[in-house]
Amino acid sequence: MPQPKPLNLPFDPIDRAAESWRAHFGPSSAMAAVTSIMRAHQILLSQLDSLLKPYDLTFARYEALVLLTFSKTGALPLSKIGERLMVHPTSVTNTVDRLEKSGFVCRLPNPRDGRGVLAEITEAGRDVVRRATNDLMGAEFGLTMYAENELQQMFDQLRTLRVAAGDFSVSSMRQDEGHGGLL
C-alpha cells in the first residue's frame with residue numbers, strides 16, 4: 001500500500017504537544033486523543049485515496065458506489081445517500097457529479113418523488129467497486145498493524161463517540177450486536 005512520506009521525527013509531536021498542554025492548560029488526555037484521531041484520519045485517507053486513484057476514485061466516491069451496490073435496486077435518492085454516508089447534500093451532489101463523469105453512475109428521475117433524483121450504479125461502477133474492493137481488502141484498509149480483536153476494540157471505542165453524537169441510538173442496534181464501550 002502506498003505510504004505517506006514518513007516524517008521521521010526524532011520525537012512524537014503529539015506527545016510533545018500534550019506535555020506543553022499540561023504545563024499551560026492542565027489535563028491533556030482528551031487533546032492528545034483527538035489530535036491522534038485526526039492524524040490517523042489524515043494517514044488513512046491518504047493511503048486509501050492512493051489505492052483508489054488508479055480507479056479514478058476517492059474514498060468518498062468509493063463509499064457512495066458501495067452504498068449503491070448494497071441497495072436493493074442499485075439506485076438511491078441523493079438525499080438517502082447523504083443520510084447514509086452522513087454528509088452534506090452539496091457533498092453528495094459533487095460526489096455523484098464526479099461518479100457520473102467517470103461513467104460509474106447515472107442520474108434518473110425518482111418515480112416516487114417528481115422533483116427528486118436517483119443515482120444508479122452502472123455496470124462500469126459495479127466493476128470498479130469489485131476491483132477497488134479487492135485492493136482495499138488486500139491492504140486491510142491500511143490497518144495491517146492491528147490484530148482482529150484490536151480492530152473490534154477500536155470500533156467499539158469509536159462507536160461510543162458516534163452514539164454520544166447522535167449518529168444512531170443504542171436501541172436501534174441489532175440484538176446480536178455487543179454493547180462493548182457503549183454509553
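User: A polar contact is a pair of N or O atoms within 3.5 Å, where within protein one must be able to donate a hydrogen and the other to accept it, and residues adjacent in sequence count only if both are side-chain atoms. Which backbone oxygen does the side chain of Ser28 reach?

Analyst: The side chain of Ser28 reaches the backbone oxygen of Ala18, at 3.3 Å. This is a predicted model, in which local features need pLDDT of at least 70 and side-chain atom pairs count only at pLDDT 80 or more, while totals for chains, interfaces and linings use all residues. Residues are numbered from 1 along each chain as its sequence is written, and side-chain values use heavy atoms, with hydrogens and water left out.

User: Which side chain does Ser28 join in a polar contact?

Analyst: That partner is Arg22, whose side chain is joined to the side chain of Ser28 by a polar contact of 2.7 Å.

User: Is Ser28 buried or exposed?

Analyst: Ser28 is buried, because its relative accessible area is 4%, and buried means under 20%, exposed over 50% and partly exposed in between, using a 1.4 Å probe and protein chains only.

User: Which residues does Ser28 touch?

Analyst: Once residues up to four places away in sequence are set aside, Ser28 touches Ala18, Trp21 and Arg22, where contact means heavy atoms within 4.5 Å.

User: Switching to Leu52, which helix is that in, and is it buried or exposed?

Analyst: Leu52 belongs to helix H2, and Leu52 counts as buried because its relative accessibility is 0%.

User: What surrounds Leu52, neighbours within four places aside?

Analyst: With those neighbours in sequence left out, Leu52 is in contact with Leu57, Thr58, Phe59, Tyr62, Ala132 and Leu136.

User: How far is Leu52 from Arg131, C-alpha to C-alpha?

Analyst: The separation of those two C-alpha atoms is 9.7 Å, although Leu52 and Arg131 stand 79 residues apart along the chain.

User: What does UniProt list for residues 30-160?

Analyst: The UniProt record, an unreviewed entry, gives residues 30-160 as "domain: HTH marR-type"; such annotations may be inferred rather than shown by experiment.

Terms used
Helix = DSSP H or I, 4+ residues; strand = E, 2+ residues; numbered from the N terminus.
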